[in-house]
Amino acid sequence: MVVVAGRTTEPFGTQSSGPRLQPPQARMPAGDRPRTPTIRAPGSSQSRTATARTILRTKSFTIRYGNFSAVRNVTLDIPEKRVTAVIGPSGCGKSTLLRAFNRMNDFIPSMTVAGNAYYLNQDIHDPKTDPVELRRRIGMVFQKPNPFPKSIFRNVAWGAAINGYRGNIEELVEQSLKQAALWDEVKDKLDDSAFALSGGQQQRLCIARAIALQPEVLLMDEPCSALDPIATARIEDLIDQLKTRYTVALVTHNMQQAARVSDRTAFMYMGELIEVDATERLFTHPQDPRTQDYITGRFG
Ligand SMILES: Nc1ncnc2c1ncn2[C@@H]1O[C@H](COP(=O)(O)OP(=O)(O)O)[C@@H](O)[C@H]1O
Ligand SMILES: [Mg+2]
């Protein structure tokens, strides 16, 4: 019997201070919004349409570290329930841009922004936006798998436990692990330490942990860079499945990976968004000579 109790180590505060973000499907008055997530498959209530709506958007968006503009004047739409890849040479601002979407750059004191980034109609950097709530809607998976020093079960149950989830936690954990394509490998050892898993399994566990918060968007920053080719292939397959339910924004320096898994690709160079297009078109008919040079391996 697995018991979920107490608070676990958590990367962010859990106190919501500002107004809570409105979930896209349910716009209720603030006081009526439930504190706890319900088990709901994000993709279940709406069908996939040919033209996806935009879920994340930036408009003339600049991110500076001190005086240095790491992201410059970027205007980008990220469609819902698609995989958008962000590619470009090291240091071009991919991670900085990705981290802005769930305010992870807030932890860097010298960071300032200009212009706007939106989650649906909510200005992400508006003082009234609650970053804790934002991070529940927009989850993140990092380069190196970072499970907590806890059991497999507790890793996945973590967010629900700290949010006072009143549903069936066993069920939530099982569903999240299934969606992360890890259930079959761990179902008989849920109480084992997460550290006993392989790197690829740990990364899928981190994806399950993010999914258990029932987000709309998953930000993935080079999620395969620490993995071997077989584990990488599994994560790529998983990303392909995840887009039926979630929007995925994937940073990768691996062009083949972008070509394999993404629907749209954005090419960044020295902080600027050079072009964004349907992945196949960007790789076969790039509009900008810099994109052409990059995808043909002339630099980067
Ligand atoms: N915390 C930071 N403080 C200062 N400069 C940073 C910080 N993080 C990244 N940078 C700089 O911002 C630029 C973009 O970095 P990053 O977003 O990590 O690029 P990428 O993910 O494309 O490799 C780089 O020049 C990098 O050195
Ligand atoms: Mg990076």
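Of the 300 residues in the protein, 42% are buried, where buried takes 20 or more other C-beta atoms within 10 Å of a residue's own, exposed takes 12 or fewer, and partly exposed is anything in between, with C-beta atoms placed from the backbone. What you're looking at is a predicted model, so local features need pLDDT of at least 70 and side-chain atom pairs count only at pLDDT 80 or more, while totals for chains, interfaces and linings use all residues. Residues are numbered from 1 along each chain as its sequence is written, and chains are lettered from A and ligands numbered from 1 in the order in which they are written.

How far can you trust it? pLDDT is the predictor's confidence in each residue, on a scale from 0 to 100. Its mean over the protein is 86, and 83% of the residues reach 70 or more. Over residues 22-49, though, the pLDDT is below 50, and that stretch has 31 contacts in the model beyond near neighbours in sequence. A contact here means two residues whose C-beta atoms, placed from the backbone, lie within 7 Å. Residues 1-19 also stay under 50, with 32 contacts beyond four places in sequence.

Now the overall layout. The protein has 10 helices and 10 strands; these are DSSP runs numbered from the N terminus, with helices being H or I of at least four residues and strands being E of at least two. Take the contacts between residues at least 6 apart in sequence, and 72% of them join residues at least 24 apart.

Let's start with an open sheet of 4 strands, ordered 2-1-4-5 with antiparallel pairing. Its edge strands are strand 2 (68-79) and strand 5, each of which pairs on one side only. Pairing, by the way, takes at least two DSSP bridges between two strands. Strand 1 (residues 54-65) and strand 4 (residues 111-119) run antiparallel and share 8 bridges, with Tyr-65 sitting opposite Met-111 of strand 4. Ala-114 is partly exposed because it has 14 C-beta neighbours inside 10 Å.

Tyr-118 is partnered with Asp-123 of strand 5, and Tyr-119 with Gln-122.

Most residues other than glycine have a negative phi. Asn-73 is not a glycine, yet its phi is positive, about 55°. You'll find Asn-73 in strand 2, and it is partly exposed because 15 other C-beta atoms lie within 10 Å. Arg-103 has a positive phi too, near 60°. Arg-103 lies in the loop between helix 1 and strand 4, and it counts as buried because it has 20 C-beta neighbours inside 10 Å.

Next, the ligand. Which residues surround ligand 1? They are Tyr-65, Ala-70, Gly-88, Ser-90, Gly-91, Cys-92, Gly-93, Lys-94, Ser-95, Thr-96 and Ile-108, a residue being near a molecule if its C-beta atom, placed from the backbone, lies within 6 Å of it. Helix 1 (residues 94-100) gives the most to this shell, with 3 residues. By class, the shell has 4 nonpolar, 6 polar and 1 charged; Ala, Val, Leu, Ile, Met, Phe, Trp, Tyr, Cys and Pro count as nonpolar, Asp, Glu, Lys and Arg as charged, and the others, Gly among them, as polar.

Finally, turn to strand 8 (residues 247-251), which is mostly covered, with 5 of its 5 residues buried. Thr-247, Ala-249 and Val-251 point one way, while Val-248 and Leu-250 point the other way. Strand 3 (residues 83-87) pairs with strand 8 in the parallel sense over 4 bridges, placing Val-83 opposite Val-248. Strand 7 (residues 217-221) also runs parallel to strand 8, joined by 5 bridges, and Val-217 stands opposite Thr-247.

Helix 6 (residues 199-212) is largely enclosed by the rest of the structure, because 13 of its 14 residues are buried. Gln-214, which follows helix 6, has a positive phi near 55°.
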